[in-house]
Amino acid sequence: MIVVHYVPFIDKTLGGVSAFIALLARDLGALCELHIVTHKSENDYMLQNCQVHYIPNKWKPWDSCKEEFITLLRQLKPDVFHTNGCWSPLRALTLIWAHEMGIKTVLTPHGMLDPYALNHNYWSKKLPAILAYQRKAVQTADIIHTTAEIEKKNVMKLGWNNKIALIPNCVQVDGIELKSSWSIRRKLVFISRIHHKKGIHFLIDAVARLSSELANHQVIIAGPKENDYYDEMIERTKKSGVDNIIKFVGPVYGQDKWNLYKDSDVFVLPTITENFGIVIAEALACGTPVITSEGAPWEDLESYNCGWWTKIGTESTVEAIQKYLLCTEQDLEEKGRNGQRLVQEKYASTSVAKQFINMYNNL
């Protein structure tokens, strides 16, 4: 089977869709002939078991990359074309062009059709995109791939396409070392994009509320600066009087990232919305318990006893951190080992890749 994925960038600084492709490619490419079509960026992942093809990043009717894209597909002769994400024109147009060539098509929204994403800049950006290309792409796809039950329900509510397959995102668990000790380090960590939807303001406000209990703790916030929200959070930390507890360290990659997971007592992601949350799976795979909100589809944190799944907001984040503060070393180890077991059982990349092949075969 020949499968072509389109993703705008495979830049390691972007996370999200780029990280998804980087994690999936190795094991999916072992089961099919996998090609990735993308555009050149400065910090590209070195993908395994696939061939990467760079095309121009042009989409305007009088200056598009349609000819280059169609020429490439004619050369590759794929059985399936799979596009990732929404709202940028080529994510939709490449799927529409592939469909016009008679190729089976799959669209993964990656949470971009959820209410939060739809409502953000709706009148200025989303509605024009819906009218121009996005709704047509969703309607055209032979299958919409969602990563969680809540995302599936959100897509169903739109009413644009009810042919939906649910396959979770994945983690390459064989390459992640379990932490060797759960001794109390008095350290909490956040690793993700510094973006409003990640709920960092809830975490800062919660730390401010618990400043006396956390006086001898460190709260590490790691992630790239994307917009003014980063500077706003720095200022919020200072005004709250917790800049001695909270430290912004910028983006972390490679072994530095894994060390940060393992050197922390708990991982915190008080997100407003998340279609999966790869960072949650990564933390669990390292044996680090997780605090996250119901904005992320991780009710398994409760059923597997490997963390705390809270309401969205400051108060719930406060309550979860208070529960962490009551944990013994034995409690953290039990939760940590349970988390690793959860990821191995449900989110290993080898298992998820087989589910993708089954989805493609069903086409």
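1. Helices (H or I, at least four residues) and strands (E, at least two) are DSSP runs, numbered from the N terminus. By that scheme, W87 is found in the loop between β6 (80-84) and α3 (89-100). W87 has a positive phi of about 85°, yet is not a glycine. Most residues other than glycine have a negative phi. W87 counts as buried at 14% relative accessibility. Buried means under 20% relative accessible area, exposed over 50%, and partly exposed in between (1.4 Å probe, protein chains only).

2. Ground rules. This is a predicted model, in which local features need pLDDT of at least 70 and side-chain atom pairs count only at pLDDT 80 or more, while totals for chains, interfaces and linings use all residues. Residues are numbered from 1 along each chain as its sequence is written, and side-chain values use heavy atoms, with hydrogens and water left out.

3. N121 lies in the loop between α4 (115-119) and α5 (122-140). N121 is not a glycine, but its phi is positive, about 55°. At 34% relative accessibility, N121 is partly exposed. G159 follows α6, with a positive phi near 80°.

4. The second largest pocket. Its volume is about 410 Å³. The pocket search runs on a 1 Å grid over the protein atoms alone. A cavity is a set of points where a 1.4 Å probe fits but cannot get out. A pocket is an open set with protein on both sides within 12 Å along at least five of seven lines. Grid points are joined across faces, edges and corners, and the volume is the space filled by probe spheres set on the points.

5. Its lining. The largest share, three residues, comes from α6. By class, the lining has twelve nonpolar, five polar and seven charged residues. Here Ala, Val, Leu, Ile, Met, Phe, Trp, Tyr, Cys and Pro count as nonpolar, Asp, Glu, Lys and Arg as charged, and the others, Gly among them, as polar.

6. Helix α6. Which residues of α6 are buried? They are E151, N154 and V155. They cover an arc of only 95° around the axis, so they sit on the same side of α6. The arc is that of the directions from the helix axis to the C-beta atoms. An α-helix has 3.6 residues a turn, so residues three or four places apart point the same way. The buried residues of α6 pack against α4, β8 (143-146) and β9 (164-166). Contact here means heavy atoms within 4.5 Å.

7. Helix α2 (residues 66-76). F69, I70, L72, L73 and L76 are its buried residues. Their arc around the axis is only 160°, which puts them on the same side of α2. E67, R74 and Q75 are exposed on the other side. The buried residues pack against β1 (2-6), β2 (33-38), β3 (51-54), β6 and α3.

8. E274. This residue is in the loop between β13 (266-269) and α10 (278-285). E274 is buried, at 9% relative accessible area. Its side chain joins that of T271 through a polar contact of 2.8 Å. A polar contact is a pair of N or O atoms within 3.5 Å; within protein, one must be able to donate a hydrogen and the other to accept it, and residues adjacent in sequence count only if both atoms are side-chain atoms. Leaving aside neighbours within four places in sequence, E274 contacts K198, L269, G295, A296 and P297.

9. Helix α11 (residues 300-303). D300 lies in α11 and is buried, with a relative accessible area of 12%. The side chains of D300 and K346 make a polar contact (2.8 Å). Neighbours within four places aside, D300 is in contact with N305, C306, L342, K346 and Y347. S303 is also in α11, but is exposed at 57% relative accessibility. S303 and L342 are 39 residues apart in sequence and 9.7 Å apart in space, C-alpha to C-alpha.

10. E177. The loop between β9 and β10 (187-191) holds E177. E177 is exposed, with a relative accessible area of 57%. Its side chain makes a polar contact with that of K262 (3.4 Å). Not counting residues up to four places away in sequence, E177 touches K262, A285 and C286.

Definitions and conventions: 1 Å grid on protein atoms, 1.4 Å probe; cavity = no way out; pocket = protein on both sides within 12 Å on 5 of 7 lines; lining within 4 Å.
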